[in-house]
Amino acid sequence: MKNIVLIGMPACGKSTIGYWLSKKINFPVIDADKYLEEKENRVISDIFSNEGEKYFRELETKYLKELSEKEGIIISTGGGAVKNKENIDILKENGIIVFINRTIDDISRENHRNRPLLQNPDNIRKLYDERIKLYRRYADIIIKNDDSIDVIVDRIITSLKGKIL
């Protein structure tokens, strides 16, 4: 059974949508960033400050590989997972990639206290501009996050019919 892989910007709703999707289709959901933190017994912000982004991205790939070997799960990726094509190749081997598309204005209004690359508000626009093409390129399905959680989850389920469900 294939996995459902949620990609998108930080604060686009991947974790929340993953949780509610999990409830409706009975797939366990795993937040890839939390999985990495548990495996490393450290928070991502500490990894960024002590070892830098390059080291974090290597760990991210290692743990996405582990997650992609599972079957019938929902994987909520970190926003930057698309920066490394190897991550996408790994995830596509056993998964359908769903891009949760949310406007930059909605993302900017969120609290980014625990997101190291978004501490400076100017970085949000920069990251969005850098990543939006990657999200679109790698997505098997694009879901706009512009309605209630129930509507969005139902859109995903409808889009997955015949592909996984």
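Welcome to this predicted model. Ile132 belongs to helix 7, made of residues 121-138.

- Setting aside neighbours within four places in sequence, Ile132 has contacts with Phe99 and Asn101.
- Between Ile132 and Gly72 there are 60 residues in sequence, and their C-alpha atoms are 27 Å apart in space.

- Strand 4 covers residues 95-101 and pairs with strand 5 in the parallel sense over 4 bridges.
- Across that pairing, Ile100 stands opposite Ile143 of strand 5.

**Strand 1**

- How many residues of strand 1 are buried? The count is 5 of 5, so strand 1 is largely enclosed by the rest of the structure.
- Both faces of strand 1 are covered, with buried Asn3, Val5 and Ile7 on one side and buried Ile4 and Leu6 on the other.
- Strand 1 runs parallel to strand 4 and is joined to it by 5 bridges.
- Within strand 4, Ile96 is the residue that Ile4 stands opposite.
- Strand 1 also runs parallel to strand 3, and here 3 bridges join the two.
- Leu6 has Ser76 of strand 3 as its bridge partner.

**Asn3, a buried residue of strand 1**

- Asn3 lies in strand 1 and is buried, with a relative accessible area of 1%.
- A polar atom of the Asn3 side chain lies 2.9 Å from the backbone oxygen of Lys70.
- The Asn3 side chain also reaches the backbone nitrogen of Ile73, at 3.0 Å.
- Not counting residues up to four places away in sequence, Asn3 touches a list of residues including Leu67, Ser68, Gly72, Ile75, Asn94, Ile96 and Ile164.

- Which residues of helix 2 (residues 32-40) are buried? They are Ala32, Tyr35, Leu36 and Glu40.
- Viewed down the axis of helix 2, these buried residues fall within an arc of 120°, so they line one face of the helix.
- An α-helix has 3.6 residues a turn, so residues three or four places apart point the same way.
- Strand 2, helix 3 (44-51), helix 4 and strand 3 are what the buried residues of helix 2 pack against.
- At the start of helix 2, a side-chain oxygen of Asp31 comes to within 3.0 Å of the backbone nitrogen of Asp33.
- Just after helix 2, Asn41 has a positive phi of about 55°.

- Lys14 is found in helix 1, residues 14-25.
- Is Lys14 buried or exposed? Lys14 is buried, with a relative accessible area of 7%.
- The side chain of Lys14 has a polar atom 2.8 Å from the backbone oxygen of Gly8.
- Apart from neighbours within four places in sequence, the contacts of Lys14 include Leu6, Ile7, Ser76, Thr77, Gly78, Gly79 and Ile100.
- Ser15 lies in helix 1 and counts as partly exposed, at 40% relative accessibility.
- Leaving out residues up to four places away in sequence, Ser15 touches Asp31 and Ser76.
- Thr16 has its place in helix 1 and is partly exposed, with a relative accessible area of 45%.

Key: Residues numbered from 1 in each chain as written. Predicted model: local features only at pLDDT ≥ 70, side-chain atom pairs only at ≥ 80, totals over all residues. Heavy atoms only, no water. Pairing = 2+ DSSP bridges. Buried < 20%, exposed > 50% of the residue type's maximum accessible area, 1.4 Å probe, protein only. Contact = heavy atoms within 4.5 Å. Polar contact = N/O pair within 3.5 Å; in protein donor to acceptor, adjacent residues only side chain to side chain. Arc of directions from axis to C-beta.
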